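Subject: Structure handover

Hello,

Here is the structure I promised you. Please open it first, then read my notes below.

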Amino acid sequence: METLVSSARTAKLYDVFYHDKYGSVKLRIIGNVLVSQFEGPCGVRLAKNFKRDVIEFVSILEHQPWAYMSISNGFEAATADALTILTESFVACGSRGCRAEAYVMRSPIARHQVNAMRSKARLEINDAVFFPDYRSARRHLNSALATSTIPQA
């Protein structure tokens, strides 16, 4: 019986969804990739929940090479306050071993905001992290992770 409870808790950790009256975000771990899906605009509440869940998910992944992917063609933009919180998520991922990133998003505003957050998080600005579809983004991450190693403490 205890094993079933543990499995249920583990399953919950690997798949979360949060929404408010404006937008939504889903987070899921697929293999060693943390995958998010934003829809609509992102305000402070959505960003805070995202950051909290990202930090929790990263604790599961940080002892192996891992990557981040955002499949967010329905993402519109984030408010200025939300951008500050989302940037903190970038910093948390970078300091906990994220090896590569990939973004599938159509909105030029969203792409610009991602690059602005990457810059504030002291990550390289690189349009090569944007992809037209899931498969090409996944190929990029698989390639990056195949050559990645776990840092020695």
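Helices here are DSSP runs of H or I with at least four residues, and strands are runs of E with at least two, both numbered from the N terminus. Counted that way, the protein chain has 5 helices and 6 strands. Please keep in mind that this is a predicted model.

Overall layout

The order of elements from the N terminus is α-β-β-β-α-β-β-α-β-α-α. The chain has 153 residues, and 44% of them count as buried. Among contacts with a separation of 6 or more, 74% join residues 24 or more positions apart. The accessible surface is about 8,800 Å². Carbon and sulfur atoms hold 54% of that surface.

The largest pocket

The volume of the largest pocket is about 410 Å³. Its lining comprises 26 residues. Closest to the centre are Tyr 68, Phe 90, Glu 101, Tyr 103 and Arg 118. Five named elements each give two or more residues to the lining: helix 2 (44–61), strand 4 (66–71), helix 3 (80–95), strand 6 (98–104) and helix 4 (108–120). By class, the lining has 16 nonpolar, 6 polar and 4 charged residues.

Helix 3

An α-helix has 3.6 residues a turn, so residues three or four places apart point the same way. After helix 3 comes Gly 97, with a positive phi near 95°.

Ser 72

Look also at the loop between strand 4 and strand 5 (74–78), where Ser 72 lies. Why does Ser 72 count as buried? Buried means under 20% relative accessible area. Ser 72 has 0% relative accessibility, so it falls in that class. Neighbours within four places in sequence aside, Ser 72 is in contact with Ser 36, Gln 37, Phe 38, Val 104 and Met 105.

Best wishes

Technical notes: Residues are numbered from 1 along each chain as its sequence is written. This is a predicted model: local features need pLDDT of at least 70, side-chain atom pairs count only at pLDDT 80 or more; totals for chains, interfaces and linings use all residues. Side-chain values use heavy atoms; hydrogens and water are left out. Buried means under 20% relative accessible area, exposed over 50%, partly exposed in between (1.4 Å probe, protein chains only). Contact means heavy atoms within 4.5 Å. Accessible areas come from the Shrake-Rupley method with a 1.4 Å probe; for residues, only the protein chains shown count as cover. On a 1 Å grid over the protein atoms alone, a cavity is a set of points where a 1.4 Å probe fits but cannot get out, and a pocket is an open set with protein on both sides within 12 Å along at least five of seven lines; lining residues have an atom within 4 Å of a point. Grid points are joined across faces, edges and corners, and a volume is the space filled by probe spheres set on the points. Ala, Val, Leu, Ile, Met, Phe, Trp, Tyr, Cys and Pro count as nonpolar, Asp, Glu, Lys and Arg as charged, and the others, Gly among them, as polar.
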